[in-house]
Amino acid sequence: MNPLTEWLALLQKSVEAGLFVKMTLGHPTGGPDAPRKLLFKPVTIKGRLCCSVVSRYERRDVTKNYDFPEVLRDVAQKLGGEFLSAHLVTQTEEAQLELGRKPRLKVIPQTHAPAALEHDRAPIRWVDANAAYLKALEVTDARGRVRERMGDKFRQIERFVDLLASAYKESAGAGHGGPFTFCDMGCGKGYLTFAAYDYFRRVEKLAVEATGVETRPDLVGLCNRVAGECGMEGLRFVASNIAEYAVAPGLDCLIALHACNTATDDALFAGITAGARIILTAPCCHKELRPQVDAARQAGPLEDLLRHGLFAERHAEMATDALRALLLEREGYRVRVGEFVSLEHTAKNVMLIATRRETPLAPAAVADLDRRIARLKAFYGIEHQFLETLLLGRRELERPAAASGAVP
Ligand SMILES: C[S@@+](CC[C@H](N)C(=O)[O-])C[C@H]1O[C@@H](n2cnc3c(N)ncnc32)[C@H](O)[C@@H]1O
């Protein structure tokens, strides 16, 4: 093998093994306008491993990022033409290539620390692929590269943090001066709980107190261990049913992502009752309304539409979430419906993004919302929806005290 081929093989092997630290191409053959040196180092951009290439000219540097396969092809073309020397640094060795009259390759075993994968020009990434929690949850590997088969999960986390950040920015008021509190209902393995904590703490620089609520004790144990190992102070996970978990009043943010069926209603109710400033839910497995919608199809203009199971399913889902949105609005929230990327739940990628208004709704606005809720229910033949049932129950409990003027 000639020295150039051998050096290129070492380069390729170091990239494939994740051992590449940096390299330089030097000894240029071009004129004064050509770059004097090319400097290469790995960076992560949106969680993807890329190569940052600095072209060093006489008086300026130009930096661009490329995928590694492109870089390997380009380096192979340039060596022996535009540049006659190359220096490769990996975690285990250094390899110096000289392509003069008598090409030479010198390889010296030498230990180097892994490259720091920060992106030089990125301000602060909302989801840092290098974060310890992503490594502990096996979303990324030890070098901060998104693992094979975890790409969808990583994109879901990024999309979630995007939506969370936009809700945080539009939520009124700067808070109450204490730590920012949030609760993740039905948190599962905690991917989004950790991401939300990291966003509020690292990007928004808030003191954070957060709780993940989950019925499965094994997941709760795993999440508490990861939070401890990653030094995520103020983040804890508890084994509880959402409906039974008492959220302290004055909560800043509640999230519930893919909590099944009416567990989403329990979560919304908990958030509303605690006066959460932000409520983010991605509902899942809408079972409650389907039988009611089916019963209503016996007659009427929707009969031919609802006789198809798939259409009936989608109508029931949309009616459920539209009602939830109206009920949130009636409770004083602004509501947007966004799309939450999730390839595992392709049809279930809706997110309700609610932010609390600073001032209560006028009675006329409440009456208008009551009318619209009743109209939607009547259209689909809906008799009950669980969030509405919970809110009506609470109103019933509040009524006698308000009517008698009793002090609680
Ligand atoms: C589909 S997973 C979603 C996990 C996580 N929120 C996410 O999006 O990655 C739903 C999780 O909610 C939990 N869960 C479902 N119903 C619940 C309830 N009523 N109370 C607490 N946890 C619940 C399940 O055990 C499961 O871990």
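Domain 1 and domain 2 bury about 540 Å² between them, and 47% of this area lies on carbon and sulfur atoms. Buried area here is the accessible area (1.4 Å probe) that two parts lose on being put together, summed over both. The size of an interface is often expressed in this way, as the accessible area lost when the parts come together. Of the area that domain 1 buries against domain 2, Gly18, Gly47 and Leu49 supply 58%, more than any other three residues.

The model is predicted: local features need pLDDT of at least 70, side-chain atom pairs count only at pLDDT 80 or more, and totals for chains, interfaces and linings use all residues. Residues are numbered from 1 along each chain as its sequence is written, and side-chain values use heavy atoms, with hydrogens and water left out.

**The two domains**

The chain is divided into domain 1 (3-109) and domain 2 (132-404), with bounds that come from an automatic or database domain assignment. Their centres, taken over C-alpha atoms, are separated by 49 Å. Ten residues of domain 1 are in contact with six residues of domain 2, where contact means heavy atoms within 4.5 Å.

Across this interface the rule finds zero salt bridges; a salt bridge is a side-chain nitrogen of Lys or Arg within 4 Å of a carboxyl oxygen of Asp or Glu. One residue pair, both at pLDDT 80 or more, is in polar contact across the interface. A polar contact is a pair of N or O atoms within 3.5 Å; within protein, one must be able to donate a hydrogen and the other to accept it, and residues adjacent in sequence count only if both atoms are side-chain atoms.

**The ligand**

Around the ligand there are 14 residues, of which Gly186, Glu214, Asn241, Ile242 and Leu257 come nearest; a residue belongs to this group if one of its heavy atoms lies within 4 Å of the ligand.

| Residue and its atom | Ligand atom | Distance |
|---|---|---|
| Gly186, backbone N or O | nitrogen | 2.8 Å |
| Glu214, side-chain N or O | oxygen | 2.6 Å |
| Leu257, polar backbone atom | nitrogen | 2.8 Å |
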